[in-house]
Amino acid sequence: MGKELTILIGNEECTAEMLNDVAPRMCEIIERALPLEGLLTHAKLVDREVFFQVPFFIDEVENPKWSEKGDLAFWNGRQSLCIFYDDCTPLGYTPTFARVTQNLEGLAREAAEVWEKPGKRILIKAKEKWHARANS
Amino acid sequence: MLEPILEQIIAARRSIWMNEPADIARLRTKRGARNQGATPLLYATAKLGQLAVFLNHLRQVSRQHSVDLPTMRIITDSLLEFYANQYGGFYGLTDTAHVVRLGREALAHVQTLDEYVTLVGELALYVSRMDYWVDFLIPWAKFGQVCN
């Protein structure tokens, strides 16, 4: 099982699992950059995707896939962390480093609002127990 | 010296990362044809997005191929000059124009392709960030309804 992430968005707390086995380098870069805070933008062509910019590049292309509901991916072309929060037709294969495992419904509710109200804050951090273990 | 200029660009990016840049307030005051505020926003995001895409491509090409640094420098300088003038002119994005001009200044001190990649990467991060800020101003949902 990969390391777990906590996603805080609006009033919701969600969990995602990192895909360390298929995207080890991406996961390592993301892990080192945690916590990641951002302001969400809604995708304009893909129907159910939000993203936020991060201040680094991930040039390694690992686990490129046709994104599905619950996927967390990275678009290096604009240094953006993408969250596919419901069924959609993506524009292409995207390197994917994590999957939402708990409370995707809550995440989807909050993310859907970004279309009307962009700039919603999001925080992605290491799940408490992992963080505590790493610091012990 | 490249390093001190690079540090200024990084500091500028950090200062606008989570806090709305002063450029945004200036852009909000701009009016286009028929005294409306939509086209300045739409054109500003288009022009910021263009440079962000160009810089990202220049960075990728320089990482992946044995390109000629002097040629890359000439191409990049021309792009930075053009877009700095655009941003600082009609759109009132004077801080953005200043950072892009810092990029031009830094470019003259770049000695290696690695330094070039670092510089265009930093500029790409800043310009993309500005583009995201402008994107927040555009009422995409309402715009979509009008176009239905």
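In which crossing, left-handed or right-handed, does helix 1 of chain B pass helix 6 of chain B? Helix 1 of chain B passes helix 6 of chain B in a left-handed crossing, a term used if the near helix is turned anticlockwise from the far one by less than a right angle, with clockwise giving a right-handed one. Helices and strands here are DSSP runs numbered from the N terminus, helices being H or I of at least four residues and strands E of at least two.

This is a predicted model, in which local features need pLDDT of at least 70 and side-chain atom pairs count only at pLDDT 80 or more, while totals for chains, interfaces and linings use all residues. Residues are numbered from 1 along each chain as its sequence is written, and chains are lettered from A and ligands numbered from 1 in the order in which they are written.

Two packed helices are described by the angle between their axes and the distance between the axes. The axes are lines fitted to C-alpha atoms, for helices over the stretch in contact, and the angles run from 0 to 180 degrees between N-to-C directions.

| Helix pair | Angle | Distance between axes |
|---|---|---|
| Helix 1 of chain B and helix 6 of chain B | about 25° | 9 Å |
| Helix 3 of chain B and helix 4 of chain B | about 165° | 11 Å |

Helix 3 of chain B is therefore roughly antiparallel to helix 4 of chain B, whereas helix 1 of chain B and helix 6 of chain B are roughly parallel to each other; angles under 35 degrees count as roughly parallel, over 145 as roughly antiparallel, 65 to 115 as roughly perpendicular and the rest as oblique. Helix 3 of chain B passes helix 4 of chain B in a left-handed crossing.

The residues of helix 1 of chain B that meet helix 6 of chain B include L6(B), I10(B), R13(B) and W17(B), and those on the side of helix 6 include E115(B), L119(B), L123(B) and Y126(B). The residues of this contact divide into 11 nonpolar, no polar and four charged, where Ala, Val, Leu, Ile, Met, Phe, Trp, Tyr, Cys and Pro count as nonpolar, Asp, Glu, Lys and Arg as charged, and the others, Gly among them, as polar. Between helix 3 and helix 4 of chain B, K47(B), L51(B), F54(B), L58(B) and S62(B) meet M72(B), T76(B), L79(B), Y83(B) and Q86(B), and by class this contact has six nonpolar, three polar and one charged residues.

F54(B), which lies in helix 3 of chain B, counts as partly exposed because it has 19 C-beta neighbours inside 10 Å; a residue is buried if 20 or more other C-beta atoms lie within 10 Å of its own, exposed if 12 or fewer, and partly exposed in between, with C-beta atoms placed from the backbone.

## The nonpolar cores

A nonpolar core is a set of buried Ala, Val, Leu, Ile, Met, Phe, Trp, Tyr and Cys residues joined through C-beta atoms within 7 Å. The largest nonpolar core has 37 residues, and L55(B), V100(B), L119(B), V120(B), L123(B) and V127(B) are those with the most contacts inside it. Helix 1 (2-17), helix 3 (38-64), helix 4 (69-88), helix 5 (94-107) and helix 6 (113-137) of chain B each supply at least two residues of this core, and helix 6 of chain B gives the most, with 13 residues. Apart from this core lies another, of 36 residues, among them V50(A), Y85(A), V100(A) and V114(A).

Leaving aside its neighbours within four places in sequence, V120(B) is in contact with L55(B), L58(B), R59(B) and T76(B), two residues being in contact if their C-beta atoms, placed from the backbone, lie within 7 Å.

## Chain A and its side towards chain B

M26(A) has its place in helix 1 (residues 24-33) of chain A and is buried, with 25 other C-beta atoms within 10 Å. Beyond its neighbours within four places in sequence, the contacts of M26(A) are I58(A), E60(A), E62(A), F74(A), P95(A) and F97(A).

In helix 2 (residues 104-112) of chain A, the buried residues are L104(A), L107(A), A108(A), E110(A) and A111(A), and they pack against strand 1 (4-9), strand 2 (12-18), strand 5 (49-53), strand 8 (80-84) and strand 9 (93-102) of chain A.

Some backbone details also deserve a check. A cis peptide bond with omega of about -5° joins L34(A) and P35(A), and P35(A) is in the loop between helix 1 and strand 3 (36-39) of chain A. N103(A), in the loop between strand 9 and helix 2 of chain A, has phi near 60°, a positive value in a residue other than glycine.

Between the chains, 14 residues of chain A are in contact with 15 residues of chain B, and the side of chain A that touches chain B has four nonpolar, five polar and five charged residues.
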